[in-house]
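Hi there,

Here is the structure I promised to pass on to you. Have a look at it first, and then read my notes on its salt bridges below.

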Amino acid sequence: MTPAIFSLSGLELTEDERAFFAEAQPAGYILFGRNVKNRKQLRALTDSLRTLHGRDDLLISIDQEGGRVSRMKPPEWDAYPAPGRFAQLFDIAPASAIQAIRANAQLLALDLAEVGITVDYHPVLDIPAEGAHDVIGDRALGRDPMQVAALGRATLDGLARAGVVGCIKHMPGHGRATVDSHKDLPIVEAGEDELATDIAPFAKLSDAPMAMTAHIRFTAWDAANPATQSEFVIAEIIRKRIGFDGLLLSDDIDMQALDGTIPERSARAVAAGCDLVLNCWGKMDDMVGSAEILPAMSDATRKRLDRAMSGAGKIADDTPRGELLAARDSFLALVGVRA
């Protein structure tokens, strides 16, 4: 199995994609707006991927946070509030905020499960610093590490109740970036005391099934390499200090924060300790090159993948959608927020 998550070019598999994916056997897939039209089409697409691999628990993922990061949009699907709205509620009613964000995550997961998506890259645990770029902005769950951890935990729980696996991001923290890593490499020069605040929510949720790295260079830890490609950051900060032993994914390897060809970037990320490389643009040449250069998936990664996906499709709570929606909105009404 190739230690990568690949993407698709359109609304259905092309013959070239079908042949390549059958040979490469990637760990899973990520979907974007270009792959999404309606429920029937999306379910057919995810079913075709499962049939291709013969795996009911196939990792089929998406970024569906609510707010501006939503690949499945109205009018086909409901709109969801940005995560930051729950941080506002937490300021006046912490217990209500936790219940509201849990219900919201369960509603999100019901949408995903209906169309065969098994993983949501959610929640964001980054703590935005003053003067940072707005790439995190209202995606953040607050500025207090314990608040972020509490809301993040409730989000993971809500997703799991509907059989969807959550993924915390962007480890070890994206909140101090002053540029958008989609376009440039952020360099963070904060010291150990400041960075201890950034990693605190991740440490509290170190038992999460999946996590995604940050394409950020932290000079206090590794002045030469971004976290995604840093052996020190992954081994000493993520695995040891944070204590995360789940499935570790790179952020999108196509982002302009990194240099080199896509296969070269991918190889460096896996060599540094990422379990899987996330390749989001769906360019066949890049995916083929990555499959050729990457080593076969290690036994340790396969165990982490199997463990992470063990909850996929397992419904732990059958509360009707209407009740979840009413509960969420009644709490959000306390701060005048509507989805």
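Aspartate 78 counts as partly exposed, with 36% relative accessibility; the term covers the range between buried (under 20% relative accessible area) and exposed (over 50%), using a 1.4 Å probe and protein chains only. Please keep in mind that this is a predicted model, where local features need pLDDT of at least 70, side-chain atom pairs count only at pLDDT 80 or more, and totals for chains, interfaces and linings use all residues. Residues are numbered from 1 along each chain as its sequence is written, and side-chain values use heavy atoms, leaving out hydrogens and water.

The partner of aspartate 78 is arginine 321: their side chains form a salt bridge at 3.0 Å, N to O. (A salt bridge means a side-chain nitrogen of Lys or Arg within 4 Å of a carboxyl oxygen of Asp or Glu.) Arginine 321 sits in helix α11 and aspartate 78 in the loop between β5 and α3, so the pair ties together parts that are 243 residues apart in sequence. Helices (H or I, at least four residues) and strands (E, at least two) are DSSP runs, numbered from the N terminus. Arginine 321 is partly exposed too, at 29%.

Now for a buried pair: lysine 169 and glutamate 65 are both buried, and their side chains meet in a salt bridge of 2.8 Å, N to O. This pair joins strand β7 to strand β4, 104 residues apart. Both residues also belong to a network of salt bridges with Asp63, Arg71 and Arg139.

In total, the structure holds 28 salt bridges. Enjoy exploring!
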